[in-house]
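Good morning, and thank you for coming.

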Amino acid sequence: MHPDLPVATDVDAAPVVDQATALLVRVADGDQRAFSELYDLMASRMLGLVRHVLKDHAQSEEVVQEVLLEVWQTASRFDPNKGKAVTWMLTMAHRRAIDRVRSAQASRDRDTKIGIRDLGREVDTVSESAEISIEHKRVEKAMARLSDLQRQAVELAYYGGYTQSEVAEMLNIPLGTVKTRLRDGLIRLRTELGVAS
């Protein structure tokens, strides 16, 4: 014990405990003013406990907010014959803080596992480049087998990034004609490339 800090005695704590229990019973009945008073009475105590577990002030505030929301939503479950409101609320806060620590640790463990798993993979860039080059040549050869009109529509839509309506406008042809040319061109490309639809 530190000699400069005041020590709370049972006499000091008893009024807070009794007040919190009375307020929580009123909160269970939907009394918003009682919840406001309970918030003022308990928030700093809860924050101190949670901050002791989490160390991070922002996360601690977030956890306390979550717990206070839970208190508002579940106050009707509190039974004053089984315990004190202070104990009930501080237990909820402590458990939520521990859950947050465990969740953060599990996330770090997952990230580490994934990092270790991905770390061992070597990438064969030469092989990858060769595959891309071969695939590019196959597509060029297949594109050469399309009719000029089909190739023009496919190149504008897929390589140029234009919409079907924009292609129709650029070529000064009806939208239905563009759709037909694209459909027929893609069917022909699938056949040439040996891709099952």
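I call a residue buried under 20% relative accessible area, exposed over 50%, and partly exposed in between, using a 1.4 Å probe and protein chains only. The model is predicted: local features need pLDDT of at least 70, side-chain atom pairs count only at pLDDT 80 or more, and totals for chains, interfaces and linings use all residues. Residues are numbered from 1 along each chain as its sequence is written, and side-chain values use heavy atoms, with hydrogens and water left out.

By that criterion Phe 35 is buried, at a relative accessible area of 17%, whereas Trp 72 is partly exposed at 31%. Rings of Phe, Tyr and Trp (its six-membered ring) pair if their centres lie within 6.5 Å; planes under 30 degrees apart count as stacked, over 60 as edge-to-face and the rest as tilted. How many aromatic pairs does a search of the whole structure find? There are two aromatic pairs. Phe 35 and Trp 72 have ring centres 5.2 Å apart and planes at 65 degrees, so this pair is edge-to-face. Phe 78 and Trp 88 form a tilted pair, because their planes stand at 50 degrees, with centres 5.5 Å apart. Here Phe 78 is buried at 10% relative accessibility, and Trp 88 is partly exposed at 22%.

Let me close with Ser 60. Its relative accessible area is 0%, so Ser 60 is buried. Contact means heavy atoms within 4.5 Å; leaving out residues up to four places away in sequence, Ser 60 touches Leu 47, Val 50, Arg 51 and Leu 54.
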